[in-house]
Amino acid sequence: MYPAPVLRPNLLHGSLLTLLALASACDRQDPEPKPEPEPIEAFDEFPGLRDEVEIVIDTRGIPHIYATNDDDLAFASGYQMARDRLFQMDLMRRRALGRQAEVLGEAFVDQDIVSRTFNLVHWGHLNAERLRDEGPDVYNSVISWIAGVNARIDELAAVLVADMDTLAA
């Protein structure tokens, strides 16, 4: 058993004074009220990158993404994740859709039945509609992230088609 912690009076009093000072500072009224921010409109299709985005992979293989706005950052994040983990993302997608047995065999039929019973696609659509209405900024980030993933998939599809054309020739 561990001994009960001992509170030192100086630490306790100092903490209380700090909390009181912070509380009083937070209660001040701004002399000029800030204008309401512009309402954010949700978009259903990523409008494209607005500025330059940089993805730097460090010596440990960790990506660092630099962007000037959230939507471009989300796009680059989705692109980089698909670049690094597309196979894993596809397995997770198949798990949610109840389609693992298509690629992993009959041993996964029971898991597919459970996934389909929960009808995650339906709940996902409802959640997306709610998010679009209640948090358009987050919704736009999700749409941007998905566009980044799809951009990487499109690149891979183009390479695959070119490779197939080479083999057919």
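Reader: What share of the 169 residues in the protein chain is buried?

Author: Buried residues come to 17% of them. Keep in mind that this is a predicted model.

Reader: And what elements are we looking at in the protein chain, and in which order?

Author: The protein chain has 6 helices and 2 strands. Reading from the N terminus, the order is α-β-β-α-α-α-α-α.

Reader: What makes Ser 144 count as buried?

Author: The cut-off for buried is under 20% relative accessible area. Ser 144 has a value of 0%, so it is buried. You'll find Ser 144 in helix α6. Leaving out neighbours within four places in sequence, Ser 144 is in contact with Phe 43, Phe 46, Asp 71, Ala 74 and Phe 75.

Reader: Which residues form the largest nonpolar core?

Author: There are 6 of them: Phe 43, Phe 46, Phe 75, Tyr 139, Ile 143 and Ala 147. Helix α6, residues 136–168, gives the most to this core, with 3 residues.

Reader: What does Tyr 139 touch, apart from its neighbours within four places in sequence?

Author: Tyr 139 is in contact with Ala 42, Phe 43, Asp 44, Ala 128, Leu 131 and Arg 132.

Reader: How many aromatic pairs are there?

Author: The count is 1 aromatic pair. That's Phe 46 with Phe 75, their ring centres 4.9 Å apart.

Reader: Why is the pair of Phe 46 and Phe 75 called stacked?

Author: Ring centres have to lie within 6.5 Å to pair, and planes under 30 degrees apart count as stacked. For Phe 46 and Phe 75 the centres are 4.9 Å apart and the planes are at 10 degrees, so the pair is stacked.

Reader: Why say that this pair ties together parts of the chain?

Author: Phe 46 sits in the loop between α1 (9–26) and β1, while Phe 75 is in helix α2 (residues 70–97), so the pair ties together parts that are 29 residues apart in sequence. Both Phe 46 and Phe 75 are buried.

Reader: How do you know that strands β1 and β2 pair?

Author: Pairing takes at least two bridges between the strands. Strand β1 (residues 54–57) and strand β2 (residues 63–66) are joined by 4 bridges, and they run antiparallel. Within that pairing, Val 56 stands opposite His 64 in β2.

Reader: Which residue takes a positive phi in the hairpin of β1 and β2?

Author: Gly 61 does, with phi near 85 degrees, in a hairpin that has 5 residues between the strands.

Reader: What makes the phi of Asn 119 worth a look?

Author: Phi of Asn 119 is near 50 degrees, which is a positive value in a residue other than glycine. Most residues other than glycine have a negative phi. Asn 119 lies in the loop between α4 and α5 (120–134).

Reader: Why is Asn 119 called partly exposed?

Author: Buried is under 20% and exposed is over 50%, with partly exposed in between. Asn 119 has 38% relative accessibility, so it counts as partly exposed.

Reader: And what about Val 114: why is it partly exposed?

Author: With a relative accessible area of 44%, Val 114 falls in that in-between range, so it is partly exposed too. Val 114 belongs to helix α4 (residues 109–118). Val 114 and Leu 97 are 17 residues apart in sequence, and 9.9 Å apart in space from C-alpha to C-alpha.

Reader: What is the accessible surface of the protein chain?

Author: About 13700 Å², and 60% of that belongs to carbon and sulfur atoms.

How values were computed
Residues numbered from 1 in each chain as written. Predicted model: local features only at pLDDT ≥ 70, side-chain atom pairs only at ≥ 80, totals over all residues. Heavy atoms only, no water. Buried < 20%, exposed > 50% of the residue type's maximum accessible area, 1.4 Å probe, protein only. Areas by Shrake-Rupley, 256 points an atom, 1.4 Å probe, with all protein chains shown as cover. Core = buried A, V, L, I, M, F, W, Y, C linked by side-chain atoms within 4.5 Å. Contact = heavy atoms within 4.5 Å. Phe/Tyr/Trp six-rings, centres within 6.5 Å; stacked < 30°, edge-to-face > 60°.
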